[in-house]
Amino acid sequence: MKRLILAVGLTGALIASSGSSLGQAGKTEITKWQYGKSGAVSLTFDDGSINQFRVAVPIMDSFGFPATFFIITGNVPGSRYHGTFVGRPTKAIIQEAASVLTSKDNFFERASAIGFLGYKGTLEYHTRAGELYDEGKNLHQAYHLLDEAYEKVRRGGFTPVNTREDFQDGNTITWDELRSLASRGYEFASHTVTHPRLAVLDDANLVYELEMSRRDILDQLGFKHTFSVECPYGTEDERAVHAALLRYQVARNLMPDKDVDDLDRSTKTNPGISQKEYVRWQRGPLTETPMTLMRSWIDKTAAQGNIWLVLVFHGVDGVGWKPKTAAELRDYFGYIRSKEQSVWIATFQDVAKYIRERQHGAISSYRDGEVISVVLRNDLTDLSYDLALTLKTYVPKPWGAVEVRQGERTQSVNVVRANDADYVLYQAVPNAELVTLSQAAPKR
Ligand SMILES: [Zn+2]
């Protein structure tokens, strides 16, 4: 962590941010969650199926809820990069497969190419072989599947694909629509170019899927939307996750941060047993998931204090995998709204940023008579980490309202009276101007 040097006047006193003098005026900390709440909830949607935008977005708009969409960029019309095989001519691979059985030496190349040979139905073999590999099942069965697929290709068992036509269903979201949603606070994030099993792609194709998806998002929506990624099928394959985290700041499928317990969607582990500062708890509301269970996740998040609940939705109103209905979403979001006093509802990237900026944050505060000065910094090198955090500063007893200034920004906040330790909560941007607090006329 960078050492902070704050120039102070000779008459003042520098206040240690971790001192034992609770209630000492000027003492400042970053609250665990934004706005001093007890937990966070992120609404995330996978695969970009059309009713997420046509049906779920208007419902979220009515509640003022932000959300994050993991989109398969190759499916969006106008993208520069679509599904393809990167490597030697596929004819050579098909030929070779006639005399050399699939093994660990050629498995990744064959699994990468099989979906892009120009036939209908071959992609299925990639997906099935990838599932066997990724889930640690029988590797020889995966090899055998590919042998079977290439053999069928050689004897003309698949129907050729007619260029692009069977690639679109004509009912997809456009980049123009996504831009308009992005301007209203929705986050977009990568779910790769074609949604493959990344674990069985060779390096060139693994990089293509992650990097080209990032480039299309960068070109179409801007840098802000290149923060988050979800590797398809929630893979935790080390090579795939490593390649993803070279290109994105945070992956939904795996968060290796040391103070975060990462409970994936399939886990039955109760987040209540976690001893860590934060628990990232993923839950996927599916068609069959009862509303009472879904509500209990919100209750636990509101009560426990260290939970970031990441809700993963797929289909909506009949379109996409395991869809929830519009009525269920309305009901559920209404319930979340009723707990908004306790839970911070924010995009995936904003919660990840909050946790990291706080973990890497440093505060110096200083009181000189009637003015308290605070410096908020973090040592994160990526420029994305500029989310305003909630600071809690203890103030002198007689203060009733406080004016907070940081650069051009001013906020007027009321003092919270708590057992002899009066404080204010306010927002401050890291690595920016000095924050000053002074007494103000009470808000009416
Ligand atoms: Zn997916």
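This is a predicted model: local features need pLDDT of at least 70, side-chain atom pairs count only at pLDDT 80 or more; totals for chains, interfaces and linings use all residues.
How many cavities of 30 Å³ or more does a search of the whole structure find? Two. Hello everyone, and thanks for coming.

The protein chain has 444 residues, and 51% of them count as buried. If you take the principal axes and draw a box around the C-alpha atoms, that box is roughly 85 × 45 × 40 Å. Inside it you'll find eleven helices and 18 strands.

Now, back to the empty space. Rolling a probe the size of a water molecule over the atoms shows where empty space is left. The largest cavity holds about 110 Å³ of space, and 14 residues line it. The ones nearest its centre are Ser-112, Phe-116, Pro-196, Leu-201 and Glu-209. Which elements build this lining? Helix H3 (107-113), H4 and H7 each give at least two residues, and H7 has the largest share, with three. By class, the lining counts seven nonpolar residues, six polar and one charged.

Next, a pocket. The second largest pocket contains about 750 Å³ of space. Its lining is made of 30 residues, and nearest the centre are Tyr-233, Gly-234, Arg-265, Ser-266 and Trp-321. Helix H4 (123-134), strand E9 (278-283) and H9 each contribute at least two residues to that lining. What kinds of residues are they? The lining divides into 13 charged, eleven polar and six nonpolar residues.

Let's move on to the metal. Which residues hold the zinc ion on the protein side? The donors are Asp-47, through OD, together with His-191 and His-195, each through NE2, lying 2.1 Å from the ion. Read along the chain, their spacing is D-x143-H-x3-H. Asp-47 sits in the loop between E3 and H1, while His-191 sits in the loop between strand E5 (187-190) and helix H7 (203-221), so this pair ties together parts of the chain that are 144 residues apart in sequence. Are these two buried or exposed? His-191 is buried, with a relative accessible area of 1%. Asp-47 is partly exposed, at 27%.

From there, let me take you to helix H10. Which residues of H10 are buried? They are Ala-326, Leu-329, Tyr-332, Phe-333, Tyr-335 and Ile-336. As a reminder, an α-helix has 3.6 residues a turn, so residues three or four places apart point the same way. Keep that in mind as you look through the list of buried positions. And what covers them? The cover includes strand E3 (39-46), helix H1 (50-63), helix H9 (291-304), strand E10 (307-313) and strand E11 (343-345).

Most residues other than glycine have a negative phi, and most peptide bonds are trans. Asp-317 has a positive phi of about 45°, although it is not a glycine. Lys-322 likewise has a positive phi of about 45° without being a glycine. Where are they? Asp-317 is in the loop between E10 and H10, and Lys-322 is in the loop between E10 and H10 too. Asp-317 is partly exposed at 37% relative accessible area, and Lys-322 counts as partly exposed at 31%.

One last stop: Gln-304, in helix H9. With a relative accessible area of 29%, Gln-304 is partly exposed. Which residues does it touch, leaving aside neighbours within four places in sequence? Pro-271 and Gly-272. Gln-304 and Pro-271 are 33 residues apart in sequence, and their C-alpha atoms are 8.9 Å apart in space.

Notes
Residues are numbered from 1 along each chain as its sequence is written. Side-chain values use heavy atoms; hydrogens and water are left out. Buried means under 20% relative accessible area, exposed over 50%, partly exposed in between (1.4 Å probe, protein chains only). Helices (H or I, at least four residues) and strands (E, at least two) are DSSP runs, numbered from the N terminus. Contact means heavy atoms within 4.5 Å. On a 1 Å grid over the protein atoms alone, a cavity is a set of points where a 1.4 Å probe fits but cannot get out, and a pocket is an open set with protein on both sides within 12 Å along at least five of seven lines; lining residues have an atom within 4 Å of a point. Grid points are joined across faces, edges and corners, and a volume is the space filled by probe spheres set on the points. Ala, Val, Leu, Ile, Met, Phe, Trp, Tyr, Cys and Pro count as nonpolar, Asp, Glu, Lys and Arg as charged, and the others, Gly among them, as polar. Donors are N, O and S atoms within 2.8 Å of the metal (3.2 Å for Na, K and Ca); water is not among the atoms, so sites may look incomplete.
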